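Subject: Structure handover

Hello,

The structure we spoke about is below, and my notes on it follow. Please read them with the coordinates open.

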Amino acid sequence: QNRNITGRVTDTATGQGLPGVTVLVKGTSIGASTSADGSYSLSVPATATTLTYSFIGYTSVERPIGTASSIDVGMGTDAKQLSEVVVTALGVERTRNSLAYSATQVEGQSITVARNPNPINGLSGKVAGVNIRQSNTLGGSTNVTIRGTKSLFNSNQPLYVIDGVPISNSNTNTAGQQTGGGGYDYGNAASDLNPDDIATTTILKGAAATALYGERASNGVILITTKKGRKGLGVTINAGITGGRIDKSTFIKYQKEYGGGYYPTFTRTRDFDGDGVIDPLVRLTHDASFGPRFDPSLQVYQWTAFTPGNPNFGKATPWVAAENDPSKFFKTASTLNNSITIDGGNDNGYFKLGYNSVRDKGILPNSEVNKNIVNFAGSLNLTPRLTTSASVNFSQVKGQGRYATGYSGAYSENLMTNFRQWWQTNVDIKELEDAYNYQQLNATWNLSSPTAGATGQYWNNPYFSRNQSYETDSRYRTFGNVAATYKFADWFNVLGRVTLDSYDEFQEERYAVTSVGVPGYSRYNRVGREANFDLIGNFSANITEGVSFKGLAGANIRRESFGFVRSTTNGGLVVPGLYSLSNSLEPITPPAPGIDEVETKRGVDGIFASGTFGYRDMLFLDLTARRDKSTTLPNKNNAFIYPSVATGFVFSELLKDVSWLSYGKARVNYAEVGQGATPQSVFDVYDKPTAFGSIPLFSVAGTKNNEELKPERTKSGEAGVEMAFLQSRLGFDVTVYQQNTVDQIIPVNVSRASGYNSRYVNSGEVRNRGIELTAFASPFRSDNFTWTINANWTRNRNEVLSLYEGVPSIQIASYQGGVSSNATVGKPFGMLRGTNYTYLNGQRLVGTNGRYVESATANEEIGNPNPDWTGGVANTFNYKGISLYFLVDIRHGGDVFSLDRAYGLDTGLPDETAGLNELGNPSRDPISQGGGVLLSGVQADGSPNTVRADNSGIVDGEFTGATAYGTTFNPAAAFVYDASFVKLREVAITYSLPKILLSKINGVKGVDLSLVGRNLWIINKNLPDADPEDALSVGNAGQGYSTGAYPAVRTIGANIRLSF
Amino acid sequence: CIDSLEDYNIDPKRATVGTAPGATFVANAERNLVRTINSANVNLNPFRFYVQYWAATDYPQESRYDINTRDINGGYWNALYRDVLRDLREAKTNIAADKLLTEPVKANQIACAEVLEIYTWAVLVETFGDVPYTQALNINSALPVYDSQAAIYADLITRLDAVIGQLKPGAGLGDYDLINGGDMALWLKFANSLKLRMALTIADVDDAKARTMVASTVGKVLASNDDIVDLAFDATFPNTNPLYEDLVRSGRNDFVGTSLFVDQLRTKEDPRLDDYFNPADSPAAGAPDFVGGEYGASNPYDEYSPAGDKLRQQTLPGVVMSYAQVEFMLAEAVARGYIAGTVTEHYNAGITASILEWGGTQAEATAYLAQPSVAYATAPGADYREKIGNQKWIALYNQPTEAYKEWRRLDTPRLTKPATANSEIPLRLPYPVAEQNVNTANYNAASSAIGGDVVTTKLFWDKR
């Protein structure tokens, strides 16, 4: 009599079910195959004693049956076989064994394990060689660089390809926003994808891996393959909710001893209560906390006395620190992330239909970003030879009240700048909320005067700002492809494919009437299109016994266009609350061509071929060549050819009798990739400033174009070894690489005395060399319990080898605070420059006033924003149906300049600006009374400093308006911090309901419950009061610069995954 | 197929080089020149601070001579080279190639551009010292050498003499001339007045040349307030007066008068006082309504006098050269013995012109001049430099660039740096950081040639 055995087979590395595993009664042909979630059911004869489980790429497992009716099994990958399929350039699937370059494949479930709604952020800490820098803004940008910054001025962001469709990862943030000048962070477009739809993500790092992608491949490629339908019909539902609170270690901690003002005195010029005595009045216009010492017995007229509706209207109130500081301004963030996927298929084809909805509310009032994505993919074998397929992805992203970044912009007020740099510690944030709620007016603390009807001086009521001056935006996007493959013979097929990525963006920014400065409205419409036409012939043949050949030859035609118009009101708004261009107070000025009105096109025609020769699955040789013709270059230089050659040697094939060695492969490769220019950098054009009345104006453009440009080239070499030991319980993959980017097309800074800012030239060389290490181990593995560690470590060294003839250094960007990013010969990219300390015998020199002596120029190197190394360690524990996963993400080294500190310390906000000095006296007391701060350093004669610097704000009877700590009396170098961090990035506990339970629910194949956490704990950091990772935007500028930083958000949530 | 796609590289929204009329570049250069030399923007023009007309309210760093943090020197340098001089060069090229203009009109238009160029170069040299000149404005010399300031100045004077001969009656730039309305007679007066100005600038180093130059301008300079060379700003942003932008449009209250300046205006009952300044919102008990703050310190805005309403108008003209300034120059020329006449007459005419320029009356001017502390004979001061210098300082209130040069040249009034100053009072602006980085070798050579790229290096004409 047969009996029934059920169970589930899981991957020990991920805890996820393994579909398609063959389960056999040992010694018979009785067997079954596991279903989509890894479960199986098998009727076994009474004589059966053992079950075997086998699956390609995994070590086979045998289990005694005994009396069990349920047997769950975990299977580990068998590196020796390593027939794992990796998706490579142009979507070619290859076995890992045959790869002769570094390509890291990340499984979809590894990206979504902590339910990160942004699939790119979900890669952080998981891949060696990939540096991901996230922003803490809602729906904000993610800066991704692979193997370092290569191009000085062109994009260093990788190319994103989804199922063969190159998609735009464009970022519409303004140049001002990217250099901390203010504006909104609109995020980047690669996030328009449902993370649950991702089957695998392959990161192609070096040029040998990417050369087939042509001119855009020099920064690496992130290749995303979405899930395909499986046989039968399956439905998967994910429902999740997360909540987030700010991580207080990343927000300013205020001193509570002194209140508002730039001087330690009140204004005493008015008698408010009419008693004939002049009353103390807090200095309302002063956005600083360098004012008088708090004293509850002192009755002072504060902003509340002049704000109708406030209970203290017309009254003096005690001079005390606010009960609620701005950390109470932040709300609990929440995300609802729901998705459903229906898929199915048979021998003739498959289909997949998915929907993903993300409802994201941020930590700021009135902030949300909602995303709806619908996608469909299908394939049908029309004849045995002809297969057709199509996929389409519709997405809609709508934002409202995104966070303003940097210093405040014309239509964006960054309240972090307000809270961290310019604040009065006596102002209670809850009172501001009440003041706004009273009549929805701009009842601000920072009044220009105590007179009735006074408006804001520098800062609006933050609640008014969030609720009245918000932005809205939308992006509608479609991308997809239609393809047909015709199999002429077993060894030859031809693929024809058309892909399209098309998006329309609309952004509206508002600055409400009664706000500080000029109210207004700005609208921005952008349209982007990219079409690709591919024709690729694939060959596959065994040339002789043991020698295999796979090859392809093809052509690609790419046409891109994008354009935008930005238009803004002028001088204010007529009707409050009406946001239209026609509501402009003064006549609106036409959009400036080339700045506000832009239309660009780009075309590239490429032909390419590649061949892979294999010898006995042991030795592989890859050859590729591609020729591109790019419209961005002058006609005479517009075609360029570049090759790659790569070899791999699976030496473990020769060492089969070495039992501890499971796998070993060595690989080495070299490749070149060419790159065209930014469109419209060949011919010279004029700028068109706004006409002066009726007189048109023209001006020579700041950048001189160049009719002699030639392509930029990246030369890349790489060597690596992969090894696995002890039945693949232990293994590593180490890669060393060097990439030199030469003939860079750069708008090189020229002396402005030439009449230009910059000139496009081919010049400059940047070298990146580094080591990438990936390792895995299974320290413990048993039937019920497994422990797996995956770790990666990256060290990249970047150096600018040369620049334009004779130019030793060029400025990439300059920032508020007297700091700039520079490319300097012999130094890493992005060196920060500004004023430095003056050093005497290695000690900081202190002047006779007790303050540091600043360097004479603002041109001293004060920081290097590039990390020394980055790494990540993921641990996964599986016990029966329970899986615990956590990821630690590490960045070591690299510097960041904090404008928040430079100004915040000046205005007396952080706690260290108050308190006691080394004598035990309040440091803000006058020096004559024992106050002041003793700065560590030496005097001019080399002896240790003994002179205390004034921290009271009065020197020789003059108001200095600044503490001893801030930017006024300290060099920029004083605000450069080590940007290292160690973060507990992701935690997930997943519980899969046992089959026994599931079998009682009709039709349900799997139920996974998970609790997830993201960014729960910054284990270590050296930047005070902020998150060292927080990025302004995507791009080369802004690295190593922090202003108006948003606090990190700790996120905790739950998810349920149902499959039917 | 790409061979036929050359238009992919053509910007469909912008005019290709060579296609726009030259006069539009002159108009743009005039606008940018006048904005730059008159601005009060703390990122661009700090000279109202340096001559202590104004003190800062809450953010005193720039009044303490912090130049680096805001790259003020870079802003000033870039504006003059890139936004003024380069456009004037383009103007000359496009005017010369314009088939629609007659030769006399072309010659006049180019001559006007040349006068503006000389004026701008003079300002650059007077601000920085040695600057790129012979190799400047040429993209093929992307790293130009610096020329000696004295040599540049001499060449500018040669060029000015040449162009004075080329300004002919008839049509010029027409409406594109935002400062002189196409009036060629006025251009000739302006060019001669500029010659007078440049002559006096070098008077302390080359007396003979200055004398000859001044003599050649007699009777050819600005002759009344009708002749003021200025640019009438537009009522609509972004072509409003830059002062309006920094004082009104920004909504900020960054500046108040200094006690040095306001007290002098008040005690001498200067009729310009209530034009130059507004009364303080809420002066300290016992303080007058018009009261100045402490230079270099932070000053509570509502306790001191801010800039007057006249300076807050969108359409306030930006002055390139005032008639009052010319009269003060003539007074000095007489005092130096360069020309005949009486110092007092020109001194009185300068003060009167200034008072009338600011809306005062002849009666007010007469009353003001009658005060012993104002009258030339009895005004305080050891010599003409101090007597003229002090009144010129008062009159140049809204010409900060000129005021800064004249303060350095005439050393009047005596200014002291604040206790919290970053440096001595700057006698020049240091070279921009970008020059140090990009044009390093030439920067280093220039730096040593002038005696160090520091604010205390005196320029070649600043001998006393």
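The side chains of A:Arg566 and A:Asp596 form a salt bridge, with N and O 3.7 Å apart; a salt bridge here is a side-chain nitrogen of Lys or Arg within 4 Å of a carboxyl oxygen of Asp or Glu. The two residues are 30 apart and link distant parts of the chain: A:Arg566 is in strand 31 (residues 547-568) of chain A, and A:Asp596 is in the loop between strand 33 (584-586) and strand 34 (597-615) of chain A. Helices (H or I, at least four residues) and strands (E, at least two) are DSSP runs, numbered from the N terminus. A:Arg566 is buried, at 18% relative accessible area; buried means under 20% relative accessible area, exposed over 50%, and partly exposed in between (1.4 Å probe, protein chains only).

This is a predicted model, in which local features need pLDDT of at least 70 and side-chain atom pairs count only at pLDDT 80 or more, while totals for chains, interfaces and linings use all residues. Residues are numbered from 1 along each chain as its sequence is written, chains are lettered from A and ligands numbered from 1 in the order in which they are written, and side-chain values use heavy atoms, with hydrogens and water left out.

Other salt bridges

Over all chains, the structure holds 83 salt bridges. In chain B, B:Lys106 pairs with B:Glu103, the closest N and O atoms being 3.5 Å apart. These two are three residues apart in helix 4 of chain B, so about one helical turn separates them. B:Lys106 counts as buried at 10% relative accessibility, whereas B:Glu103 is exposed at 55%.

B:Asp204 and B:Arg385 also form a salt bridge, with 2.9 Å between the closest N and O atoms. B:Asp204 lies in the loop between helix 6 (184-201) and helix 7 (207-216) of chain B, and B:Arg385 lies in helix 14 (residues 384-395) of chain B, so the pair ties together parts 181 residues apart in sequence. Both B:Asp204 and B:Arg385 are buried. They belong to a network of salt bridges whose members include B:Glu126, B:Arg197, B:Glu332, B:Arg336 and B:Lys392.

Interface of chains A and B

In this interface, 94 residues of chain B are in contact with 93 residues of chain A, contact meaning heavy atoms within 4.5 Å. The two chains bury about 7700 Å² between them, 54% of it on carbon and sulfur atoms. Buried area is the accessible area (1.4 Å probe) that two parts lose on being put together, summed over both.

The rule finds four salt bridges across the interface. One is between the side chains of B:Arg14 and A:Asp687, at 2.7 Å from N to O.

On the side of chain B that touches chain A, helix 1 (22-38), helix 3 (72-96), helix 8 (242-249) and helix 16 (433-438) of chain B each give two or more residues. Helix 3 of chain B gives the most, with eight residues.

Nonpolar cores

The largest nonpolar core has 173 residues, and B:Trp54, B:Tyr81 and B:Trp121 are among those with the most contacts inside it. Such a core is a set of buried Ala, Val, Leu, Ile, Met, Phe, Trp, Tyr and Cys residues joined through side-chain atoms within 4.5 Å. Helix 4 (residues 103-128) of chain B supplies the largest share of this core, 13 residues. Another core, of 84 residues, lies apart from it, and A:Trp303, A:Trp319, A:Tyr407 and A:Met416 are among its members.

Two buried threonines in chain A

A:Thr794 lies in strand 46 (residues 785-802) of chain A and is buried, at 8% relative accessible area. Its side chain reaches the backbone nitrogen of A:Gly129 at 2.6 Å.

A:Thr913 is in the loop between helix 7 (899-906) and strand 56 (933-934) of chain A, and counts as buried at 0% relative accessibility. The side chain of A:Thr913 reaches the backbone oxygen of A:Gly908 at 3.4 Å.

Regards

Notes:
A polar contact is a pair of N or O atoms within 3.5 Å; within protein, one must be able to donate a hydrogen and the other to accept it, and residues adjacent in sequence count only if both atoms are side-chain atoms.
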